[in-house]
Amino acid sequence: RMTWVKFGTQFRAECIEAELGDAAYRLHTEAHMYLSELEDMSMTIKHRLIYRWAGTPNWQEAAAELVSKGFWNRTVDGSGFEVMHHANVFRQGIGYQVRERERVKKTKKGSSVTRNETRSGTRNETEKNAYQLSLIHI
């Protein structure tokens, strides 16, 4: 399963305008990457797991900065954080990713015996679709 993080063009600029410190910027970016791997549209990260993926040793101070600047909120139960900044763009990207994977699965199931003539001979339709999809993600 291939995942990717979708950062809108404004992501970096908004972080700069908010004057995020280096550790906060890195933690925020890594949180988006982590949530992408999980495909977690709740945008919630568990406090107890942050140290496992955070690239900065100052992640606790960085998280506090992100909360103070409104980029993150503490969860109601206090067990983690909800990433607020860029959440809609993130959800769009994950939604597209999941829908596209489901579409490809359906295509593979429905066309496993369908053949398509190409210049190089006969190619299975599923292989052709997978190749075209891989070009989209380059």
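**Salt bridges**

I started with charged pairs in this predicted model. I found two salt bridges in the structure. Side chains of opposite charge can pair when their charged atoms come close.

I looked up E30 and R26 first. Their side chains meet at 2.8 Å, N to O. Both residues sit in helix α2, which covers residues 22-38. They are four residues apart there, about one turn of the helix.

How buried or exposed are the two partners? I read a relative accessible area of 12% for E30, so E30 is buried. R26 comes out at 41%, so R26 counts as partly exposed.

I then turned to E65 and K69. Their side chains form a salt bridge at 3.7 Å, N to O. The cut-off for a salt bridge is 4 Å, so this pair counts. K69 has 35% relative accessibility and is therefore partly exposed.

**Helix α2 against helix α4**

E65 turned up again when I looked at how α2 packs on α4. Helix α4 spans residues 59-68. The two axes lie 8 Å apart, at an angle of about 85°. The angle falls between 65 and 115 degrees, so I noted α2 as roughly perpendicular to α4.

Which residues make the contact? From α2 I listed A23, A24, L27 and H28. From α4 I listed W59, A62, A63, E65 and L66. By class, I have seven nonpolar residues, one polar and one charged in this contact.

**L66**

L66 belongs to helix α4. Is L66 buried or exposed? Its relative accessibility is 0%, so L66 counts as buried.

I set aside its neighbours within four places in sequence and listed what L66 touches. The contacts are L20, A24, L27, H28, F71 and W72. A24, L27 and H28 are also in the α2 side of the helix contact.

I also checked L66 against A18. The two are 48 residues apart in sequence. In space, their C-alpha atoms are 9.8 Å apart.

**Positive phi values**

I went through backbone angles next. E19 has phi near 60°, a positive value in a residue other than glycine. Where does E19 lie? I placed E19 in the loop between α1 (10-17) and α2. At 62% relative accessibility, which is over 50%, E19 counts as exposed.

E39 also has a positive phi, about 55°, and is not a glycine. I found E39 in the loop between α2 and β1, the strand at 44-46. At 15% relative accessibility, which is under 20%, E39 counts as buried.

**The whole chain**

I closed with the overall figures. How many helices and strands does the protein have? I counted six helices and five strands. From the N terminus on, I wrote the order as α-α-β-α-α-β-β-α-β-β-α.

The protein has 138 residues, and 35% of them are buried.

I then looked at contacts between residues at least 6 apart in sequence. Of these, 62% join residues at least 24 apart.

Last, I looked up the surface. The protein exposes about 8900 Å². Carbon and sulfur atoms supply 51% of that area.

Note on methods:
Residues are numbered from 1 along each chain as its sequence is written. This is a predicted model: local features need pLDDT of at least 70, side-chain atom pairs count only at pLDDT 80 or more; totals for chains, interfaces and linings use all residues. Side-chain values use heavy atoms; hydrogens and water are left out. Helices (H or I, at least four residues) and strands (E, at least two) are DSSP runs, numbered from the N terminus. Buried means under 20% relative accessible area, exposed over 50%, partly exposed in between (1.4 Å probe, protein chains only). Contact means heavy atoms within 4.5 Å. Accessible areas come from the Shrake-Rupley method with a 1.4 Å probe; for residues, only the protein chains shown count as cover. Axes are lines fitted to C-alpha atoms, for helices over the stretch in contact, and angles run from 0 to 180 degrees between N-to-C directions. Angles under 35 degrees count as roughly parallel, over 145 as roughly antiparallel, 65 to 115 as roughly perpendicular and the rest as oblique. Ala, Val, Leu, Ile, Met, Phe, Trp, Tyr, Cys and Pro count as nonpolar, Asp, Glu, Lys and Arg as charged, and the others, Gly among them, as polar.
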